[in-house]
Structures are given as structure tokens and as C-alpha cells.
Amino acid sequence: MAGRNYHSIHDFASAIPNHLLLGSLLEHLCFVYESNPARSRMLFKVIGQRLAAMNLLSPLAISDEFSTVRLQHNRAFSELLHAASSSLQKEGLFQGQISRYISEFEEICRLGKGSYGKVFKVMNKLDGQYYAVKKILIKKVSKDDCMKVLREVKVLSSLQHVNVVGYHTAWLEHVQPAASEYLAAVHFHLMFYIQMQLCERSLKDWIFERNMKPKEELTSNCPYECVDADQTFKLLKQIVEGVEYIHSRGIMHRDLKPRNIFLHGQDCYVRIGDFGLACSDIIMDSRKNTTSSGSESAHTTGVGTFVYAAPEQLKGSHYDSKSDMYSIGVLALELFQPFGTEMERACTLESLRKGEIPDSFSQRWPVLTKYIKKLTNPDPSVRPTADQLLQSELFCNKDIVHGLQKRIEEQDEVIVQLRRQISQLQSS
């Protein structure tokens, strides 16, 4: 079956559930033959590997990542035998499916929803700790497609850095079929679960709170007074350090934006998360996108929110880690530029795509402006790498930047005092 030549992609994809079913039957048979769980599992692995070597069974069917699916199959086998003997209605066949998600976690609330699934706050019933679990509905179940998803998440789970959200584990389960589907064949839709470190506050929340600071708390009319330069530079540096580590592992984020960057603890330590999966073409789009499949490129078209996405991403052409650096340039402007309204934000960030930065920003942050222009240059080769940015004067000469800021603040205060004197002279 594994060595068969398929006439179409549809034929190939439809054969994969048969591989999984055969693997489940083999595991069930080994359990019946050998009651000792350890020996039964060893027998299953030996026979499965032999069949895979003979090209009769896909290695995917005996992998640990599909153990939950095989468990569901085995439970269904028992239900099927019982149903056949007692003439039960077909609707009852899958009611007893075992879900690792349901059995191990208590769902607290939904944290967010994006184009690649929904994220929930959950509590692990065993250790009592809170985690975030992302649910992704996979629309294809071919061997190559499933392995692509598993391989990518395994790479993400290997990331160990203080500025990257921790990925704990991942697994696959069947989606409960709709009642109407029992009348025909059962469809093998899979739900992909990713268990991650829980981070409830995003950089987007932090920016919103900063921008909405009550005006009575401010001592002048300067729009930049609400910007804490020390803290904001610290956040920007941690973002760049996280991205530098990700890139050093040969990974692109693809969707850097405030909503996907989280702040942990009282010190607001940066955690980068919610990576844009390169294999998004095999994932159900929860926003019901109507974009035709013919418009998708070899790289993931549509990954990356428009405002933060590099030009090459929006064009669907080849892109690399320099596309993430473009997003950092946009993030840097948004971090240091307070916005009073969403319209003001949208117009300013859209103008940045044309190389335009507010004059007041350029005067206050000259060094930062220089690097934002480099980072958002349409030519990726002009953009510095994360490592180059960390070694640049932007972070190495922070004292100079802060000195310039202090001088500007002093000049602003002098201007305010002079205006008051002029006003007093005019009134007298």
C-alpha cells in the first residue's frame, strides 16, 4: 500500500487514513496476543518496523505522535464489535473516544483566535499548573503533510531561550465527526494541539496601556513624555535578542507583531511566541479566507499581518530572516511613537512603508530613526541582521542616545519657560 503509485493527490491523501487504521489494527492485535503492555508495545514496534521496511506500512502509522489517534481507533474497534453484537445505532460508535486534551486538561477560557487556530488557557489536572494550548485543525492528512507539521513543531519545541515562549509538547487527535458524517464514511480530520508556556499579557496590551495614560499624569504637552526610554529600549533589545537566537537556529518567525510578543512577570520580560507556521497551507483557516489556492507560493503567502509584513512577503516572493527584521523596524517605531487614535497609528505605520517617519520622532530619536529606515528598506540586503543590530550603536551607545534625549528634554523645558515669559510680557 505504501509503495503504490497514486493517480492523484486526492487518492494519495485518502490512502493515509488506511495506513493509520492498519497501524491501529496491528497495535490492537498485538495487545490481544500479548497481555503484558511492555511486551505488547515491543511486539507492535518490531512488526510495524518490519512492515514499513517492506514498504507495506507508512512509518507515520506507528509513530508516537499518532498514539492518541491509535488509541481512539482501538476504542472505536471495541465499540464497533459491541455495536455489531447488540445492533446499536451507528451514532454511538465514537462516543467513547479518549481525548488526551479532555482527560489531562481543564479548559479555563479562550485567550485568542488567529488564522492558525485558537489558543486556550488550561490547567493541567496532574501538576495543577496553567498552560496555553493552541488548537489547530489540519485539513489534510497525507503522510508528507502531517510529518511537515510535526517536524516544524518539534523544531520549535527545541528552542530554549529566555526571550522565547516555551513549547512543551504537541500531539494529534481526531475531531469528533458531525452526525451527518456517520451516514457516509467517517472523515479523518485531525486536531493538532500545542502545549505552551502561559503568557497572558502581550506587547499590544502594554502599548495600549502606555498610550492611554491619563493626560493629567503628564507634566507637559510633549507627546513623548509617556515613553519610558529605559524600559522601552530594554524591551526592544530583548525582542532583537530573541529573534537573533531564533535565526541562529535556522528558523524564521514570519509573524512578528505586538500581539505575538508577550511580557512575563512584573519586570515585563519579553517572550516571543505564536510563530507563523511555514506549513500553513495544510491548516484550516479559522477566518474562512477565500483566497484561491492558486495564489499561494512556495513560501507561506499571507503569513504576517499586513502592517508588519515585509514587501517580499506581501508579494508572495522568496523571503528569509530579513523579513523578520523588517517587522522589527515597524515594531521599533510603534514602541517609541505614542498614538492617540487607531487611525493615527494606521496612517503613520502605512507611511513608514514609503520611508516616511514623523519629523518629531526623527528629532527626538535620531539614531533609532536611522536604523528604522534601514530595517524597513524595501531591499532586504540593506536591512541589518539581528546580530548586527545588537552590535550597532543603537544598543552599544545607549548612554549617548539617552544623553541626547536628556538634552532635548532640557531644551523643551527652556522653550516652555521662554513662552511663559513672552506671554507675561505681552499681558503686561
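How are helix 6 and helix 9 oriented to each other, roughly parallel or roughly perpendicular? I would like to start there, with the reminder that what we are looking at is a predicted model, and that the values I quote are computed from that model. Helix 6, which covers residues 203-211, packs with helix 9, residues 321-336, at an angle of about 30 degrees, and their axes are 10 Å apart. Angles under 35 degrees count as roughly parallel, and therefore helix 6 and helix 9 are roughly parallel to each other. If you want to find the contact on the screen, look on the helix 6 side for Leu203, Trp206, Ile207 and Arg210, which meet Leu331, Glu334 and Leu335 of helix 9.

Let me step back to the chain as a whole. The protein chain has 15 helices and 7 strands, and of its 428 residues, 44% are buried. If we take the contacts with a separation of 6 or more, 65% of them are accounted for by residues 24 or more positions apart. The chain exposes about 22800 Å², and carbon and sulfur atoms supply 54% of that area.

Next, the charged pairs. In general, side chains of opposite charge can pair when their charged atoms come close. A search of the whole structure finds 10 salt bridges, and I will go through some of them.

Within helix 4, residues 100-104, Glu104 and Arg100 lie 4 residues apart, which is about one turn of the helix, and their side chains meet in a salt bridge with an N to O distance of 3.4 Å. Both ends of this pair are partly exposed, since Glu104 has a relative accessible area of 33% and Arg100 one of 25%.

The second pair is Glu107 and Lys135, whose side chains meet in a salt bridge at 2.9 Å, N to O. This pair links distant parts of the chain, with Glu107 in strand 1, residues 105-114, and Lys135 in strand 3, residues 130-138, so that the partners are 28 residues apart. Is Lys135 buried or exposed? At 17% relative accessibility Lys135 counts as buried, because the cut-off for that label is under 20%, whereas Glu107, at 39%, is partly exposed.

Arg201 forms a salt bridge with Glu209, and the closest N and O atoms are 2.6 Å apart. Arg201 is partly exposed, with a relative accessible area of 29%, and Glu209 is partly exposed as well, at 44%.

Now a word on the backbone. Most residues other than glycine have a negative phi. Arg254, which is not a glycine either, has a positive phi of about 80 degrees, and its place is in the loop between helix 7 (229-248) and strand 6 (261-264). Arg254 is buried, with a relative accessible area of 12%.

On the surface, Leu21, Leu22 and Leu25 form a nonpolar patch, and together they have about 210 Å² of accessible area. Of these, Leu25 has its place in helix 1, residues 9-33, and is partly exposed, with a relative accessible area of 41%. Finally, Ser157 lies in helix 5, residues 143-157, and counts as partly exposed at 26% relative accessibility. The C-alpha atom of Ser157 is separated by 8.7 Å from that of Ala170, and the two residues are 13 apart along the chain.

To return to the opening question, helix 6 and helix 9 are roughly parallel to each other, at an angle of about 30 degrees, in what remains a predicted model.

Definitions and conventions
Residues numbered from 1 in each chain as written. Predicted model: local features only at pLDDT ≥ 70, side-chain atom pairs only at ≥ 80, totals over all residues. Heavy atoms only, no water. Patch = residues over 30% accessible without salt bridge, like charges linked within 9 Å, V, L, I, M, F, W, Y side chains within 5 Å. Areas by Shrake-Rupley, 256 points an atom, 1.4 Å probe, with all protein chains shown as cover. Salt bridge = Lys/Arg side-chain N within 4 Å of Asp/Glu carboxyl O. Helix = DSSP H or I, 4+ residues; strand = E, 2+ residues; numbered from the N terminus. Buried < 20%, exposed > 50% of the residue type's maximum accessible area, 1.4 Å probe, protein only. Axes fitted to C-alpha atoms, helices over the stretch in contact; angles between N-to-C directions. Parallel < 35°, antiparallel > 145°, perpendicular 65-115°, else oblique. Contact = heavy atoms within 4.5 Å.
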